[in-house]
Amino acid sequence: MSPSEFLRSQWDIDGLIEPSDTVLLHSNVFPALMKLRQAGYAPEPENVLTALIDLWPNGTVLLPTFNFGFAAGEPYDLKTVPSQMGRISEIARHMKESVRTWHPLYSFCVIGNRSSEFENLRNRSGLGADSPFELLREIGGKIGFLDIQVEECLTFVHHVEETEGVNYRYLKSFSGKYSGDGQIFTDETFEMFVRDIENNVVTDISGLARFLSEQRLFLGSRRYAGNGLALIDSNLLYNTV
């Protein structure tokens with residue numbers, strides 16, 4: 001049994017995976033690495049990534065490759081700026097078959113059949129109606145969680161907030177030097193829907209995470225609390241939020 005096959009057997013998702021799904025995946029790889037080590041396999045992040053991608057052989061996987069340097073005034077090169085979202089996303093970014101979406105703050109590494117659709121987005125807003133989050137909903141994609149607390153990673157909530165126009169966040173512009181090809185830099189402006197910190201707005205979605213679990217809206221680890229692999233339909237999630 002290969003490391004990839006072993007991990008898939010541990011995740012207990014037989015019958016719940018559609019091989020052609022488009023999935024935005026949030027993950028914490030350390031529990032999977034521990035399982036590999038305990039079973040005598042090399043505890044390599046590459047093995048975890050391969051196992052995840054293999055779940056959707058006819059589909060598409062998105063991994064967050066967010067980087068916040070542009071907001072601090074740093075030039076942004078789509079081809080070289082690293083992900084700040086962990087080792088597995090950085091490994092995926094370097095894969096020859098992967099593409100990266102356009103936004104300098106909220107980008108995604110995309111691998112699979114529909115990667116060109118995401119690559120061709122030119123979204124100015126990181127979260128809005130022109131973003132990968134919206135395309136994910138149009139496709140009818142899912143959001144996946146591997147061994148991670150929902151409240152630690154559910155950026156999708158902010159997509160709902162921007163699209164619905166909540167009054168405790170606002171669009172903020174960020175300008176700087178941007179390159180999409182690794183060669184030519186131009187002055188560009190992008191937007192983020194940020195919380196109103198002057199009015200002491202904080203982000204706390206722990207109540208939402210509990211509700212999703214209590215209502216058994218996840219596929220996979222049904223009462224999901226950060227352990228195992230679970231999925232939720234993006235449109236179901238949007239309507240619930």
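1. A residue is called buried when its relative accessible area is under 20%. By that criterion, β6 is mostly covered in this predicted model, with five of its five residues buried. The burial extends to both faces of the strand: Lys142, Gly144 and Leu146 lie on one side, and Ile143 and Phe145 on the other.

2. The pairing of β6 involves strands β1 and β10. Strand β1, residues 22-27, runs parallel to β6 and is joined to it by five bridges. Within this pairing, Leu25 is placed opposite Gly144 of β6. Strand β10, residues 229-233, is antiparallel to β6, and five bridges link these two strands as well. Here Lys142 has Asp233 of β10 as its bridge partner.

3. The loop that runs from β6 (142-146) to α7 (156-164) contains Asp147. The phi of Asp147 is near 55°, a positive value in a residue that is not glycine. Is Asp147 buried or exposed? Its relative accessibility is 7%, and because this falls under the 20% limit, Asp147 counts as buried.

4. With a relative accessibility of 47%, Arg216 counts as partly exposed, whereas Asp147 counts as buried.

5. Helix α6, residues 132-139, is largely enclosed by the rest of the structure, because six of its eight residues are buried. The buried residues are Pro132, Phe133, Glu134, Leu135, Leu136 and Arg137. The elements that cover them include β1, β5 (108-112), α5, β6, α7 and α9 (234-240). Just after the helix, Gly140 adopts a positive phi of about 80°.

6. The packing of α6 against α7 can be described in geometric terms. Two packed helices are characterised by the angle between their axes and by the distance between the axes. For α6 and α7 the angle is about 95° and the axes are 10 Å apart. Angles of 65 to 115 degrees count as roughly perpendicular, and α6 and α7 are therefore roughly perpendicular to each other. The contact is formed by Phe133, Glu134 and Arg137 from α6, together with Phe156, His159 and Thr163 from α7. These contact residues divide into two nonpolar, two polar and two charged.

7. Phe118 is located in helix α5, residues 115-119. Its relative accessible area is 0%, so Phe118 is buried. Which residues does Phe118 contact, leaving aside its neighbours within four places in sequence? They are Thr22, Leu62, Thr101, Val110, Pro132, Leu135, Leu136 and Ile139. Among these, Pro132, Leu135 and Leu136 are also buried residues of α6. The C-alpha atoms of Phe118 and Arg100 are 7.9 Å apart, with a separation of 18 residues in sequence.

8. His103 is found in the loop between β4 (99-100) and β5, and at 0% relative accessibility it counts as buried. A polar atom of its side chain lies 3.2 Å from the backbone nitrogen of Leu105. The side chain of His103 also reaches the backbone oxygen of Arg124, at 3.3 Å. Not counting residues up to four places away in sequence, His103 touches Tyr76, Asn123, Arg124, Ser125, Gly126, Phe190, Glu191 and Met192.

9. Strand β3 pairs with β7, residues 169-179, in the parallel sense over two bridges. Tyr76 has Tyr178 of β7 as its bridge partner.

Note on methods: Residues numbered from 1 in each chain as written. Predicted model: local features only at pLDDT ≥ 70, side-chain atom pairs only at ≥ 80, totals over all residues. Heavy atoms only, no water. Helix = DSSP H or I, 4+ residues; strand = E, 2+ residues; numbered from the N terminus. Buried < 20%, exposed > 50% of the residue type's maximum accessible area, 1.4 Å probe, protein only. Pairing = 2+ DSSP bridges. Contact = heavy atoms within 4.5 Å. Axes fitted to C-alpha atoms, helices over the stretch in contact; angles between N-to-C directions. Parallel < 35°, antiparallel > 145°, perpendicular 65-115°, else oblique. Nonpolar A, V, L, I, M, F, W, Y, C, P; charged D, E, K, R; others polar. Polar contact = N/O pair within 3.5 Å; in protein donor to acceptor, adjacent residues only side chain to side chain.
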